[in-house]
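Reader: I have a structure open and want to go through a few local details. Can you take some quick questions?
Author: Go ahead.

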Amino acid sequence: MTVVAVRPRSPRQTRTFAGTTTRVKAARLDWVLMAAAAALLTIGALLVWSATSARGGLPTDDPNGYIKKHLVNIAIGVVLGVMVAATDHRWVRILAPLVYVASIVGLLLVLVMGVTINGSRSWIQLGGMSIQPAEFAKLAVVIGMALLVAERTEGSLRTTEVGSRDVLGMLAIAGVPAALILLQPDLGTMLVLSATVFGVIAVSGARRTWLLGLFVGAVVAATLAVKLHVLKAYQLDRFMAFTNPDLDPRGAGYNTTQARIAIGNGGIFGQGLFGGSQTKSGFVPEQHTDFIFTVAGEELGLVGSAVLIALLGVVLWRALRIAMGADDLFGRVAAAGIACWFGFQAFQNIGMCLGIMPVTGVPLPLVSYGGSSMFASLMALGLLQNIHLRSGEGIGVARSRVHRSRF
């Protein structure tokens, strides 16, 4: 029997190995996605600062109170996103049901002990922080639906085509939080969630007849909601003001009218950061949250607004790229679901500022002020990085970069 002696690594070799491992992990990250997200966070912080520096609002009446709190929210969100990105992908799938159950519990607590703001009972007050569980429900629904379709198709003899039972299961997963959100009522979040669910079902491989049926069903449901007076009076007023803001210029149409004026004031290059007349005067309500795009339009102009939209487009492009490169069905469906979520929510937010979509009160992802929205968005970006890190594309990029760094 031959005994082979293995000499232990020297401290220098250990440090070299650890450094190489760190470089490999860093190289596997989607740096384009990170750069676009960082740029959006930076621009958003400046816009929030501009929209709130000329007015009070916080209990301390600190003119910089909002931006300080916004930066804290970003820091917490980044930590949450890093934790999601660093979690082993097997644990992501194991924890997915717990995340879904936690979101349902949060939505139930809103109905029991929630705080009503702007006609919607959507927030839970925890000391000096307000939590909006509906924001986390978007992420929970995406990963819940992705897990269901993945568990039913992976490792079996079935094809990747999703059957009727799978579609019904995904609709059931989305239906519970959707019903609770409607009870708040939060129409804006409901619209975003509906578009996200439709996108996830489409990407998962469902038949076109299902997609057509869901679309027709949504149209019928919306028509019945209006005919049967299911919607609140203020919600109907917002839809009427969307079609014609002049019907109630000082009421439901006020937001849309002032938003258009603010964006129109910006022109091509804008009035300069912190120099918007409408923004400084506070004519646009909720300008640091739902109408944050009007600050960009007025102070950064058409060029700055186009840059902001382009950065959002880069985030969507990278999300879809990650979905295409995912090695498993769970990663592909989850990444595509996040892309649908961000894409429709951004379209809804910017559209209501431009007057091409009804005012429903949804934040602009990664830009608007708001803790729950920021936390959920950065956790979603962390999940995208998690999927990318274990994909074939991410591993190939890492090997190529580490190989080049040796020469």
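Reader: Gln287, buried or exposed?
Author: Buried: this is a predicted model, and in it Gln287 has a relative accessible area of 0%.

Reader: Where is Gln287 placed?
Author: Gln287 sits in the loop between helix 11 (277-281) and helix 12.

Reader: And which side chain does Gln287 join in a polar contact?
Author: That of Thr279, in a polar contact of 3.0 Å.

Reader: What about phi of Glu286?
Author: Phi is positive, about 50 degrees, although Glu286 is not a glycine. Glu286 is also in the loop between helix 11 and helix 12. With a relative accessible area of 33%, Glu286 is partly exposed.

Reader: Phe274, what is its phi?
Author: Near 70 degrees, again a positive value in a residue other than glycine. Phe274 belongs to the loop between helix 10 and helix 11, and its relative accessible area of 31% makes it partly exposed.

Reader: Now the helices. How do the axes of helix 10 and helix 12 cross?
Author: At roughly 30 degrees, and the axes come within 5 Å. Helix 10 covers residues 254-266 and helix 12 covers residues 292-299. Angles under 35 degrees count as roughly parallel, so helix 10 and helix 12 are roughly parallel to each other.

Reader: Which residues meet there?
Author: From helix 10, Ala259, Ala262, Ile263, Asn265 and Gly266; from helix 12, Phe293, Thr294, Gly297 and Glu298.

Reader: And by class?
Author: The contact of helix 10 with helix 12 has four nonpolar residues, four polar and one charged.

Reader: Different topic. How many aromatic pairs in the whole structure?
Author: Three aromatic pairs. One of them is Tyr66 with Tyr369, 5.2 Å centre to centre with 80 degrees between the planes, which is edge-to-face.

Reader: What does the Tyr66 and Tyr369 pair tie together?
Author: Parts that are 303 residues apart in sequence, because Tyr66 lies in helix 3 (residues 65-86) and Tyr369 in the loop between helix 14 (329-354) and helix 15 (371-389).

Reader: Those two tyrosines, buried or exposed?
Author: Tyr66 counts as buried at 14% relative accessibility. Tyr369 is buried too, with a relative accessible area of 13%.

Reader: And why is the pair of Trp341 and Phe342 called edge-to-face?
Author: Because the planes of the Trp341 and Phe342 rings are at 80 degrees, with the centres 5.1 Å apart; planes over 60 degrees apart count as edge-to-face. Trp341 and Phe342 are both buried.

Technical notes: Residues are numbered from 1 along each chain as its sequence is written. Side-chain values use heavy atoms; hydrogens and water are left out. Axes are lines fitted to C-alpha atoms, for helices over the stretch in contact, and angles run from 0 to 180 degrees between N-to-C directions. Helices (H or I, at least four residues) and strands (E, at least two) are DSSP runs, numbered from the N terminus. Angles under 35 degrees count as roughly parallel, over 145 as roughly antiparallel, 65 to 115 as roughly perpendicular and the rest as oblique. Contact means heavy atoms within 4.5 Å. Ala, Val, Leu, Ile, Met, Phe, Trp, Tyr, Cys and Pro count as nonpolar, Asp, Glu, Lys and Arg as charged, and the others, Gly among them, as polar. Buried means under 20% relative accessible area, exposed over 50%, partly exposed in between (1.4 Å probe, protein chains only). A polar contact is a pair of N or O atoms within 3.5 Å; within protein, one must be able to donate a hydrogen and the other to accept it, and residues adjacent in sequence count only if both atoms are side-chain atoms. Rings of Phe, Tyr and Trp (its six-membered ring) pair if their centres lie within 6.5 Å; planes under 30 degrees apart count as stacked, over 60 as edge-to-face and the rest as tilted.
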